[in-house]
Amino acid sequence: MACLAGVRDSFARAEALLAELAGWDLDDETIRRLCHAEVARASAGRDARATAEAFATTAGDIEVQIDAGKVNTLDGWRDVKVAAFARRERGAPACAAAWDQRQLPGPSVRSVVAAVEEASRFGDRCAAEARRLGLTDPTALSVLGDGAEWIWKLSGQRFPGAAEALDIYHGAEHIAAASKAAFGEGAAQARSQAERGRQRLLEDGYRGVMEWVGEVSGTMPVGGDGASLGSLLNYFAGHQDRLNYALRLRRGQVIGSGLVEGSIKQLVNKRLKRTGARWKVGHVAPLVELCALVDSPEWDAFWRSN
């Protein structure tokens with residue numbers, strides 16, 4: 001109970017919660033030590049867990065979603081890189097116009113790895129986790145992430161041949177920013193053109209964005225920032241092979257990296273980014289992984305093995 005409370009909330013608030021609910025007199029330092037002891041046990045027993053069997057016996061597409069968040073450590077603010085491996089059954093086919101109305105099945109099984117380390121070493125960690133899960137054919141994977149170069153370099157080196165997809169929300173944000181620059185902040189045309197640009201991106205990928213930029217250039221008012229449109233084309237040119245949204249929608253596949261972004265929001269931002277909190281670098285990633293384990297079907301089995 002102390003461990004569960006400590007990974008869900010700050011150690012100080014876990015102390016108050018346990019006192020109120022259970023009448024326990026456990027100080028926050030004791031809870032911290034208990035949590036870190038379970039962190040060590042979870043890390044040491046990772047290979048013994050049944051995740052690989054679950055991936056092998058569960059139907060659906062295999063996703064590798066990668067992102068990073070910020071955490072305040074004793075060495076200053078550092079990136080904590082997170083990769084979420086998941087297996088998800090496909091949803092119903094959808095057209096580009098209905099992309100945000102469909103209901104996709106949730107992941108049937110998932111596994112999370114995290115680390116405060118350079119991208120190359122994190123790539124080794126991701127590759128090792130893929131091997132542990134029995135994911136030995138990179139061409140059977142879908143890698144999803146935002147526009148960060150390190151993500152796609154990692155994907156190309158560790159998972160060659162995987163289907164890559166740029167997070168649709170990230171792409172849409174770039175289109176919206178270019179539309180605002182072209183027509184002005186708050187302009188109705190900026191909003192309508194951003195929606196139009198997003199639709200063209202969903203329908204036709206890079207070619208659709210090129211055609212949309214041509215349309216916008218012909219209607220942009222005097223004083224509009226045309227350079228932003230050129231920058232937008234350069235950005236998407238680097239992701240041409242990651243914009244197959246229409247195909248993925250027809251197949252009922254995911255087109256966003258919300259799984260890993262949600263993990264960072266809950267496991268990093270909500271739990272670790274506390275006012276005045278500073279962490280030892282070596283404690284960050286294992287605690288993130290334990291927090292992820294709490295929300296997985298393996299938590300009960302892990303605790304019963306104690």
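Two strands are taken to pair if DSSP finds at least two bridges between them. The model described here is predicted.

**The sheet**

Five strands form an open sheet in the order β3-β2-β1-β4-β5, and their pairing is mixed. The edges are held by β3 (109-115) and β5 (163-166); each has a single partner strand, so one side of each lacks a neighbour in the sheet. On average, neighbouring strands of this sheet are turned by 20° against each other, direction ignored.

Strand β4 (residues 141-145) runs parallel to β5 and is joined to β5 by four bridges. Within this pairing, V143 has E164 of β5 as its bridge partner. Helix α5 (residues 119-132) lies across β1 (61-73), β2 (76-88) and β3, and runs at about 155° to β3.

T51 is located in helix α4 (residues 51-57). With a relative accessible area of 1%, T51 is buried, because buried means under 20% relative accessible area. Its side chain makes a polar contact with the side chain of E298 at 2.5 Å. Apart from neighbours within four places in sequence, T51 is in contact with V109, R110, S111, R132, L133 and E298.

**Salt bridges**

Side chains of opposite charge can pair when their charged atoms come close. The structure holds 22 salt bridges, and the table lists some of them.

| Pair | Closest N and O atoms |
|---|---|
| E29 and R33 | 3.0 Å |
| E129 and R46 | 3.2 Å |

E29 and R33 both belong to helix α3 (residues 28-44), where they are four residues apart, about one turn of the helix. E29 is partly exposed at 31% relative accessibility, whereas R33 is exposed at 54%.

The salt bridge between E129 and R46 links distant parts of the chain: E129 lies in helix α5 and R46 in the loop between α3 and α4, 83 residues apart. Both E129 and R46 are buried.

R88 counts as buried at 11% relative accessibility, and E63 counts as buried at 3%.

Salt bridges also link R196, R200, E203, D204, E211 and E215 in a network.

Technical notes:
Residues are numbered from 1 along each chain as its sequence is written. This is a predicted model: local features need pLDDT of at least 70, side-chain atom pairs count only at pLDDT 80 or more; totals for chains, interfaces and linings use all residues. Side-chain values use heavy atoms; hydrogens and water are left out. Helices (H or I, at least four residues) and strands (E, at least two) are DSSP runs, numbered from the N terminus. Buried means under 20% relative accessible area, exposed over 50%, partly exposed in between (1.4 Å probe, protein chains only). A polar contact is a pair of N or O atoms within 3.5 Å; within protein, one must be able to donate a hydrogen and the other to accept it, and residues adjacent in sequence count only if both atoms are side-chain atoms. Contact means heavy atoms within 4.5 Å. Axes are lines fitted to C-alpha atoms, for helices over the stretch in contact, and angles run from 0 to 180 degrees between N-to-C directions. A salt bridge is a side-chain nitrogen of Lys or Arg within 4 Å of a carboxyl oxygen of Asp or Glu.
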